[in-house]
Structure formats: structure tokens, C-alpha cells
Amino acid sequence: MTKAVYPGSFDPVTFGHLDVIMRATEIFDEVIIGVLHNSTKTPLFSVEERVNILKKATEGMPQVTVLPFSGLSVDFAKACNAKVIVRGLRAITDFEYELQMAQTNRELESGVDTTFLITSLQYAYLSSTTVKEVAEFGGNISKFVPEFVAKEMQKKLREKREC
């Protein structure tokens with residue numbers, strides 16, 4: 001049984017992330033989505049909220065588990081007994097950074113490899129940062145995220161403005 005982890009911030013989860021998750025489930029028997037708690041960033045959603053959003057977004061995928069983590073992705077993979085880290089690539093600019101991380105992870109833990117999945121062309125431009133920016137300025141994000149995620153973002157942004 002081949003187990004893989006797909007680590008990331010997922011703030012918010014986009015159709016690009018879900019594309020990678022769905023395709024990873026076709027390759028691996030089990031895919032564990034690792035929702036990163038990064039103390040150096042201030043995300044829109046808390047780790048718990050992102051975990052819950054991802055659980056809802058992947059309800060129909062029984063081989064997917066969603067877990068929070070902090071620290072190194074390679075340590076998370078090792079703790080999950082996963083042999084593979086899945087990373088999505090949108091453009092050549094992603095590749096340079098991801099290749100460097102994959103090589104570093106391999107040096108840290110030789111038993112964990114990285115697999116790159118090229119994001120489907122229709123999502124190649126999409127990033128969580130762009131989605132948040134469009135939403136903050138009142139733009140329509142329905143083409144970028146599931147409907148329930150768009151509603152959660154609107155609610156969160158309203159709360160943020162009220163503070």
C-alpha cells in the first residue's frame with residue numbers, strides 16, 4: 001500500500017489543490033493532506049478551520065485523510081509512514097523552488113521521495129494568494145474555489161473588516 005502526503009497551507013483550498021488531490025488519489029492508495037501551521041505567517045483561516053474545510057472538500061474521497069502539522073514536511077511524511085511527498089507545479093517558477101525543497105528533503109530523509117504533479121492547465125494561474133486578493137477587493141471567486149469555501153471566505157473577510 002503506497003501512502004503519500006500532500007502538505008501545504010491551503011489558505012484557502014482552491015480548485016487547483018483539489019485537482020492535485022484527486023489525481024494523487026488515482027496514483028496512491030492513501031493520500032494524507034497535511035495542513036501546515038506556520039507561525040511566521042498570518043493566515044486568513046486557522047489551522048482547525050482549514051482542516052475542516054479540506055475535510056468537507058474531500059468528503060467523497062475515502063482514501064484521503066486531513067491532518068494538521070507543523071515543522072518540516074519530510075518529518076510529517078515520516079511520522080505518517082509515507083514514502084512520498086506530493087507537490088503541485090503550476091509553472092516553471094514553482095519548479096525551481098520545489099526541486100530545491102525535494103532535494104533537501106531527500107538529504108534529510110532518504111526514504112521519502114517527492115512526486116510532482118503538474119496542475120491542470122485550467123488552474124495553472126491559480127494561487128491561494130490571488131484568491132484572497134480578489135476576495136478582499138470584492139471580486140467573484142466562484143471559478144477558483146468551491147462555493148462553500150467562497151462563502152466561508154466572505155464571512156471571514158466581513159469579520160476581519162468589522163474588527
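Tutor: Here we go through the labels one by one, with the cut-offs behind them.

Tutor: This is a predicted model, where local features need pLDDT of at least 70, side-chain atom pairs count only at pLDDT 80 or more, and totals for chains, interfaces and linings use all residues. Residues are numbered from 1 along each chain as its sequence is written, and side-chain values use heavy atoms, with hydrogens and water left out.

Student: What makes Lys 132 and Asp 11 a salt bridge?

Tutor: The rule asks for a side-chain nitrogen of Lys or Arg within 4 Å of a carboxyl oxygen of Asp or Glu. Between Lys 132 and Asp 11 the N to O distance is 3.0 Å, so the pair meets the rule. The whole structure holds 9 salt bridges.

Student: Where do Lys 132 and Asp 11 lie in the chain?

Tutor: Lys 132 is in helix H5 (residues 128-136), while Asp 11 is in the loop between strand S1 (3-8) and helix H1 (15-27), 121 residues apart. As for those names, helices (H or I, at least four residues) and strands (E, at least two) are DSSP runs, numbered from the N terminus.

Student: Why is Lys 156 called buried, and what is Glu 49 called?

Tutor: Buried means under 20% relative accessible area, exposed over 50%, and partly exposed in between (1.4 Å probe, protein chains only). Lys 156 has 18% relative accessibility, so it counts as buried. Glu 49, at 29%, therefore counts as partly exposed. The side chains of Lys 156 and Glu 49 also meet in a salt bridge, at 2.8 Å from N to O.

Student: How do you know that the buried residues of H2 share a side?

Tutor: The buried residues in H2 are Val 47, Arg 50, Val 51, Ile 53 and Leu 54. They cover an arc of only 165° around the axis, so they sit on the same side of H2; the arc is that of the directions from the helix axis to the C-beta atoms. These buried residues pack against H1, strand S2 (30-36), strand S3 (64-69) and H6, where contact means heavy atoms within 4.5 Å.

Student: What makes a group of residues a nonpolar core?

Tutor: The members are buried Ala, Val, Leu, Ile, Met, Phe, Trp, Tyr and Cys residues joined through side-chain atoms within 4.5 Å. The largest such core here has 35 residues, and Leu 54 and Val 86 are among those with the most contacts inside it. A second, separate core of 11 residues includes Phe 69 and Ile 85.

Student: Which peptide bond is cis?

Tutor: The one joining Asp 11 and Pro 12, with omega about 5°. Pro 12 lies in the loop between S1 and H1. Most residues other than glycine have a negative phi, and most peptide bonds are trans.

Student: Which residues other than glycine have a positive phi?

Tutor: Phe 10 has phi near 55°, and Asn 81 has phi of about 60°.

Student: Are Phe 10 and Asn 81 buried or exposed?

Tutor: Phe 10 has a relative accessible area of 4%, so it is buried. Asn 81 has 60%, so it is exposed. Phe 10 is in the loop between S1 and H1, and Asn 81 is in the loop between helix H3 (73-79) and S4.
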